[in-house]
Amino acid sequence: MNFEVIPAVDMRNGKCVQLVQGVPGSEMVSIDDPVAVAKDWVSQGAKTLHLIDLDGAIDGKRNNAPIIEKIVEQCKPLGVEIQVGGGIRSFENAADLLKLGVDRVILSTAAINNPQLIKELADAFGSEHINVALDSKNGKVSIEGWQKQSQFTAVEMGIKFEELGAGSILFTNIDSEGLLQGVNTTPTEELVKSVSIPVIASGGVTSLDDLIALKKTGAKAVVVGSALYTGKFTLPEAINIISEDL
(Lines give C-alpha, C1' and ligand atoms only; values in the text may rest on other atoms or scores of the structure.)
Protein backbone atom coordinates (compact mmCIF):
# COMPACT_ATOMS: atom_id res chain seq x y z
CA MET A 1 0.00 0.00 0.00
CA ASN A 2 1.52 3.28 -1.13
CA PHE A 3 0.87 6.34 1.01
CA GLU A 4 -2.57 7.55 0.08
CA VAL A 5 -4.73 10.63 0.60
CA ILE A 6 -8.27 9.60 1.49
CA PRO A 7 -11.05 12.22 1.31
CA ALA A 8 -13.57 12.17 4.15
CA VAL A 9 -17.31 12.22 3.60
CA ASP A 10 -18.75 12.89 7.05
CA MET A 11 -22.54 12.80 7.28
CA ARG A 12 -24.88 14.44 9.77
CA ASN A 13 -28.67 14.69 9.30
CA GLY A 14 -28.33 13.55 5.71
CA LYS A 15 -25.79 16.19 4.72
CA CYS A 16 -22.05 16.10 4.12
CA VAL A 17 -20.50 18.20 6.90
CA GLN A 18 -17.22 19.11 8.52
CA LEU A 19 -17.31 19.72 12.27
CA VAL A 20 -14.73 21.48 14.42
CA GLN A 21 -13.28 18.85 16.79
CA GLY A 22 -16.39 16.70 16.30
CA VAL A 23 -18.67 19.14 18.14
CA PRO A 24 -22.30 19.00 16.92
CA GLY A 25 -23.44 22.40 15.65
CA SER A 26 -19.93 23.49 14.72
CA GLU A 27 -20.34 22.81 11.01
CA MET A 28 -17.85 24.75 8.90
CA VAL A 29 -19.08 22.91 5.79
CA SER A 30 -22.55 21.61 4.96
CA ILE A 31 -23.41 20.13 1.54
CA ASP A 32 -26.82 18.69 0.69
CA ASP A 33 -25.84 15.67 -1.44
CA PRO A 34 -23.19 13.35 0.09
CA VAL A 35 -23.54 10.88 -2.82
CA ALA A 36 -22.56 13.55 -5.34
CA VAL A 37 -19.67 14.61 -3.09
CA ALA A 38 -18.36 11.04 -2.92
CA LYS A 39 -18.57 10.58 -6.69
CA ASP A 40 -16.78 13.88 -7.20
CA TRP A 41 -13.85 12.75 -5.04
CA VAL A 42 -13.59 9.59 -7.13
CA SER A 43 -13.59 11.65 -10.33
CA GLN A 44 -10.71 13.68 -8.88
CA GLY A 45 -8.59 10.59 -8.29
CA ALA A 46 -9.55 9.18 -4.89
CA LYS A 47 -8.67 5.48 -4.56
CA THR A 48 -10.44 5.14 -1.19
CA LEU A 49 -13.41 6.90 0.37
CA HIS A 50 -13.79 7.47 4.11
CA LEU A 51 -17.47 7.57 5.08
CA ILE A 52 -18.49 8.49 8.61
CA ASP A 53 -22.04 8.51 9.97
CA LEU A 54 -21.75 11.25 12.59
CA ASP A 55 -25.29 10.63 13.80
CA GLY A 56 -24.21 7.07 14.52
CA ALA A 57 -20.99 8.15 16.21
CA ILE A 58 -22.57 10.86 18.37
CA ASP A 59 -26.09 9.57 19.01
CA GLY A 60 -25.68 5.85 18.33
CA LYS A 61 -28.31 6.01 15.55
CA ARG A 62 -27.02 5.20 12.07
CA ASN A 63 -29.43 7.60 10.35
CA ASN A 64 -27.25 7.97 7.28
CA ALA A 65 -27.14 4.24 6.48
CA PRO A 66 -29.32 4.61 3.34
CA ILE A 67 -26.96 7.29 1.98
CA ILE A 68 -23.93 5.11 2.68
CA GLU A 69 -25.64 2.27 0.83
CA LYS A 70 -26.17 4.55 -2.20
CA ILE A 71 -22.53 5.64 -2.16
CA VAL A 72 -21.38 2.02 -2.07
CA GLU A 73 -23.73 1.10 -4.94
CA GLN A 74 -22.59 3.99 -7.13
CA CYS A 75 -18.89 4.21 -6.25
CA LYS A 76 -17.77 0.61 -5.86
CA PRO A 77 -18.22 -0.04 -9.60
CA LEU A 78 -15.82 2.86 -10.18
CA GLY A 79 -13.02 0.81 -8.59
CA VAL A 80 -12.58 2.56 -5.25
CA GLU A 81 -12.28 1.04 -1.80
CA ILE A 82 -14.72 2.23 0.84
CA GLN A 83 -14.23 2.34 4.59
CA VAL A 84 -17.15 3.16 6.87
CA GLY A 85 -17.42 4.16 10.51
CA GLY A 86 -19.80 5.84 12.92
CA GLY A 87 -22.20 4.01 15.19
CA ILE A 88 -21.05 0.48 14.33
CA ARG A 89 -21.76 -0.95 17.77
CA SER A 90 -22.42 -4.65 17.09
CA PHE A 91 -21.29 -7.68 15.08
CA GLU A 92 -24.50 -7.38 13.04
CA ASN A 93 -23.87 -3.71 12.17
CA ALA A 94 -20.40 -4.56 10.89
CA ALA A 95 -21.51 -7.71 9.08
CA ASP A 96 -24.28 -5.87 7.24
CA LEU A 97 -21.83 -3.28 5.91
CA LEU A 98 -19.25 -5.85 4.83
CA LYS A 99 -21.92 -7.88 3.06
CA LEU A 100 -23.03 -4.67 1.33
CA GLY A 101 -19.57 -4.39 -0.21
CA VAL A 102 -17.77 -2.07 2.20
CA ASP A 103 -14.05 -2.90 2.25
CA ARG A 104 -13.30 -1.91 5.85
CA VAL A 105 -15.51 -1.25 8.84
CA ILE A 106 -14.19 1.19 11.42
CA LEU A 107 -15.05 0.48 15.05
CA SER A 108 -14.27 2.77 17.96
CA THR A 109 -16.64 2.84 20.93
CA ALA A 110 -17.69 -0.78 20.45
CA ALA A 111 -14.07 -1.89 20.23
CA ILE A 112 -13.09 -0.13 23.45
CA ASN A 113 -16.18 -1.39 25.31
CA ASN A 114 -15.98 -4.93 23.91
CA PRO A 115 -12.50 -5.73 22.55
CA GLN A 116 -13.50 -9.34 21.88
CA LEU A 117 -15.80 -8.06 19.12
CA ILE A 118 -12.71 -7.26 17.04
CA LYS A 119 -11.49 -10.85 17.31
CA GLU A 120 -14.93 -12.18 16.36
CA LEU A 121 -15.12 -9.93 13.30
CA ALA A 122 -11.54 -10.65 12.23
CA ASP A 123 -12.16 -14.40 12.54
CA ALA A 124 -15.39 -14.14 10.53
CA PHE A 125 -14.39 -11.72 7.78
CA GLY A 126 -10.58 -11.42 7.81
CA SER A 127 -8.36 -8.88 9.54
CA GLU A 128 -7.95 -6.77 6.40
CA HIS A 129 -11.62 -5.75 6.66
CA ILE A 130 -11.47 -4.66 10.31
CA ASN A 131 -10.19 -1.24 11.33
CA VAL A 132 -10.12 0.16 14.86
CA ALA A 133 -10.36 3.93 15.29
CA LEU A 134 -8.27 5.33 18.10
CA ASP A 135 -9.15 8.96 18.69
CA SER A 136 -6.71 10.61 21.06
CA LYS A 137 -7.31 13.70 23.18
CA ASN A 138 -4.77 14.85 25.76
CA GLY A 139 -2.97 11.54 25.28
CA LYS A 140 -5.97 9.29 26.00
CA VAL A 141 -8.41 7.51 23.68
CA SER A 142 -11.89 9.09 23.44
CA ILE A 143 -15.14 7.25 22.66
CA GLU A 144 -18.84 7.93 21.92
CA GLY A 145 -18.25 10.57 19.28
CA TRP A 146 -15.36 12.04 21.31
CA GLN A 147 -17.71 12.88 24.15
CA LYS A 148 -16.14 10.53 26.73
CA GLN A 149 -12.54 9.69 27.54
CA SER A 150 -11.04 6.29 28.39
CA GLN A 151 -8.00 5.73 30.59
CA PHE A 152 -5.99 4.12 27.79
CA THR A 153 -3.35 5.57 25.46
CA ALA A 154 -3.45 4.99 21.71
CA VAL A 155 -0.23 2.94 21.87
CA GLU A 156 -1.68 0.64 24.56
CA MET A 157 -4.87 0.17 22.56
CA GLY A 158 -3.06 -0.22 19.25
CA ILE A 159 -0.94 -3.09 20.54
CA LYS A 160 -4.00 -4.75 22.09
CA PHE A 161 -6.15 -4.54 18.98
CA GLU A 162 -3.39 -5.79 16.71
CA GLU A 163 -3.16 -8.87 18.94
CA LEU A 164 -6.95 -9.31 18.69
CA GLY A 165 -6.86 -9.27 14.90
CA ALA A 166 -7.45 -5.72 13.72
CA GLY A 167 -5.96 -5.26 10.26
CA SER A 168 -5.41 -1.51 10.48
CA ILE A 169 -5.79 1.46 12.80
CA LEU A 170 -7.29 4.85 12.10
CA PHE A 171 -5.55 7.32 14.40
CA THR A 172 -7.06 10.76 14.91
CA ASN A 173 -5.38 13.42 16.97
CA ILE A 174 -8.47 15.25 18.28
CA ASP A 175 -6.30 18.03 19.69
CA SER A 176 -5.65 19.06 16.05
CA GLU A 177 -8.87 17.92 14.39
CA GLY A 178 -10.90 20.45 12.43
CA LEU A 179 -8.87 23.44 13.60
CA LEU A 180 -6.88 23.81 10.36
CA GLN A 181 -3.79 24.64 12.39
CA GLY A 182 -1.52 21.88 11.10
CA VAL A 183 -0.51 18.46 12.38
CA ASN A 184 1.43 17.21 15.36
CA THR A 185 3.18 14.15 13.95
CA THR A 186 4.66 12.84 17.21
CA PRO A 187 1.62 10.81 18.42
CA THR A 188 1.20 9.25 14.96
CA GLU A 189 4.88 8.33 14.80
CA GLU A 190 4.75 6.75 18.28
CA LEU A 191 1.80 4.58 17.26
CA VAL A 192 3.36 3.58 13.91
CA LYS A 193 6.49 2.39 15.73
CA SER A 194 4.43 0.38 18.25
CA VAL A 195 2.43 -1.77 15.81
CA SER A 196 3.12 -3.67 12.60
CA ILE A 197 -0.31 -3.16 11.01
CA PRO A 198 -1.03 -0.10 8.83
CA VAL A 199 -1.86 3.16 10.57
CA ILE A 200 -4.10 5.68 8.81
CA ALA A 201 -3.55 9.19 10.15
CA SER A 202 -6.21 11.85 10.60
CA GLY A 203 -6.65 15.23 12.21
CA GLY A 204 -5.40 18.74 11.57
CA VAL A 205 -4.12 18.52 8.00
CA THR A 206 -3.98 22.05 6.65
CA SER A 207 -1.27 22.10 4.00
CA LEU A 208 0.57 19.95 1.50
CA ASP A 209 3.54 20.11 3.90
CA ASP A 210 1.38 18.36 6.52
CA LEU A 211 0.84 15.49 4.09
CA ILE A 212 4.57 15.13 3.54
CA ALA A 213 5.19 15.22 7.30
CA LEU A 214 2.65 12.46 7.90
CA LYS A 215 4.09 10.36 5.09
CA LYS A 216 7.46 10.55 6.86
CA THR A 217 5.95 9.07 10.05
CA GLY A 218 5.48 5.74 8.30
CA ALA A 219 1.69 6.01 8.26
CA LYS A 220 0.13 4.24 5.29
CA ALA A 221 -2.50 6.87 4.51
CA VAL A 222 -4.09 10.09 5.71
CA VAL A 223 -7.75 11.03 5.86
CA VAL A 224 -8.36 14.65 4.88
CA GLY A 225 -11.59 16.56 5.40
CA SER A 226 -11.69 20.26 6.22
CA ALA A 227 -8.58 21.20 4.21
CA LEU A 228 -10.10 19.79 1.03
CA TYR A 229 -13.57 21.21 1.64
CA THR A 230 -12.28 24.70 2.43
CA GLY A 231 -9.88 24.80 -0.53
CA LYS A 232 -6.55 24.73 1.31
CA PHE A 233 -5.43 22.42 -1.51
CA THR A 234 -7.08 20.18 -4.08
CA LEU A 235 -7.15 16.39 -4.10
CA PRO A 236 -5.13 16.22 -7.36
CA GLU A 237 -2.50 18.51 -5.79
CA ALA A 238 -2.35 16.24 -2.75
CA ILE A 239 -2.04 13.08 -4.82
CA ASN A 240 0.71 14.67 -6.87
CA ILE A 241 2.79 15.85 -3.89
CA ILE A 242 2.67 12.54 -2.01
CA SER A 243 3.60 10.58 -5.12
CA GLU A 244 6.98 12.30 -5.20
CA ASP A 245 9.92 10.59 -3.52
CA LEU A 246 10.89 12.16 -0.22
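Helix 6 is followed by Gly126, a residue with a positive phi near 100 degrees. The model described here is predicted.

Helix 6 itself spans residues 116–125, and its buried residues include Leu117, Ile118, Leu121 and Ala122. These four lie on the same side of helix 6, because the arc they cover around the axis is only 130 degrees. An α-helix has 3.6 residues a turn, so residues three or four places apart point the same way. Several elements contribute to the cover over the buried residues of helix 6, among them helix 4 (91–100), strand 6 (104–107) and helix 5 (109–113). Strand 7 (130–137) and helix 7 (154–164) are also included in this cover.

In soluble globular proteins, nonpolar side chains tend to be buried together. In this model, the largest nonpolar core comprises 69 residues, and the most contacts inside it are made by Leu49, Leu134, Phe161 and Leu211. When neighbours within four places in sequence are left aside, Leu134 is in contact with Ile112, Val141, Ala154, Met157, Gly158, Phe161, Ile169, Leu170, Phe171 and Thr172.

Thr48 is located in strand 4, which runs over residues 48–53. With a relative accessibility of 2%, Thr48 counts as buried, because the cut-off is under 20%. The side chain of Thr48 forms a polar contact of 2.6 Å with that of Glu4. Beyond its neighbours within four places in sequence, Thr48 is in contact with Glu4, Ile6, Pro7, Glu81, Gln83 and Arg104.

Note on methods:
Residues are numbered from 1 along each chain as its sequence is written. This is a predicted model: local features need pLDDT of at least 70, side-chain atom pairs count only at pLDDT 80 or more; totals for chains, interfaces and linings use all residues. Side-chain values use heavy atoms; hydrogens and water are left out. A nonpolar core is a set of buried Ala, Val, Leu, Ile, Met, Phe, Trp, Tyr and Cys residues joined through side-chain atoms within 4.5 Å. Buried means under 20% relative accessible area, exposed over 50%, partly exposed in between (1.4 Å probe, protein chains only). Contact means heavy atoms within 4.5 Å. Helices (H or I, at least four residues) and strands (E, at least two) are DSSP runs, numbered from the N terminus. The arc is that of the directions from the helix axis to the C-beta atoms. A polar contact is a pair of N or O atoms within 3.5 Å; within protein, one must be able to donate a hydrogen and the other to accept it, and residues adjacent in sequence count only if both atoms are side-chain atoms.
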